[in-house]
Amino acid sequence: MDRDLLDLPVLFLGAARALIDGIDAGVRARGFTEVRPAHGFAFALLSHGGATTVELAHHLDITKQAASQMIEDLVGRGYVERRPHPDDARARLIVLTDKGWACTRAAEEAADEILRPWADALGTERLAALRADLSRLAVPGRLRPIW
């Protein structure tokens, strides 16, 4: 196999890791020292109207028990709350609190600080091409924050 092709996974993962580490550092610098990157992946789902424990587990590719533990921790820290599900009386909807939204905004600001230099380095045309190429390659759905 072509060496240039084999380098792609390392480059993709290296860029993803740099982005996640940069966002994590920016979130912590903004005072949200008790959250981890995995929480950010959860907040990404919850920011679209909330989710059930099962949906969060599927999104993060973790067990329902692990998702329940994460939710319990985030409830205790004031980032999320449980509400009655509007369509399923047996389920609870997990939604962001004001503190959760503030943390999400901090992550967006941190992401902008990390991504802006990347955009400047690539330029408008190359950035648009990269976005288009990644859109063709990326599989939508679950996020797997395995580090």
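1. The model is predicted: local features need pLDDT of at least 70, side-chain atom pairs count only at pLDDT 80 or more, and totals for chains, interfaces and linings use all residues. Residues are numbered from 1 along each chain as its sequence is written, and side-chain values use heavy atoms, with hydrogens and water left out.

2. The chain contains 5 helices and 2 strands, arranged along the sequence as α-α-α-α-β-β-α. Helices (H or I, at least four residues) and strands (E, at least two) are DSSP runs, numbered from the N terminus. The C-alpha trace spans about 50 × 35 × 25 Å along its principal axes.

3. Of the 147 residues in the chain, 29% are buried. Buried denotes under 20% relative accessible area, exposed over 50%, and partly exposed the range in between (1.4 Å probe, protein chains only). Among contacts (heavy atoms within 4.5 Å) between residues at least 6 apart in sequence, 53% join residues at least 24 apart.

4. The structure holds 2 aromatic pairs. In one, F32 and Y79 are tilted, at 6.3 Å centre to centre and with 55° between the planes. This pair links the loop between α1 (3-29) and α2 (37-46), which holds F32, to the loop between α4 and β1 (80-84), which holds Y79; the two residues are 47 apart. Rings of Phe, Tyr and Trp (its six-membered ring) pair if their centres lie within 6.5 Å; planes under 30 degrees apart count as stacked, over 60 as edge-to-face and the rest as tilted.

5. The rings of F43 and Y79 also form a tilted pair, because their planes stand at 35°, with centres 5.9 Å apart. Together, F32, F43 and Y79 make one aromatic cluster.

6. The charged end of K99 sits over the ring of Y79, 4.5 Å from its centre. The criterion is NZ of Lys or CZ of Arg within 6 Å of the ring centre and within 35 degrees of the ring normal.
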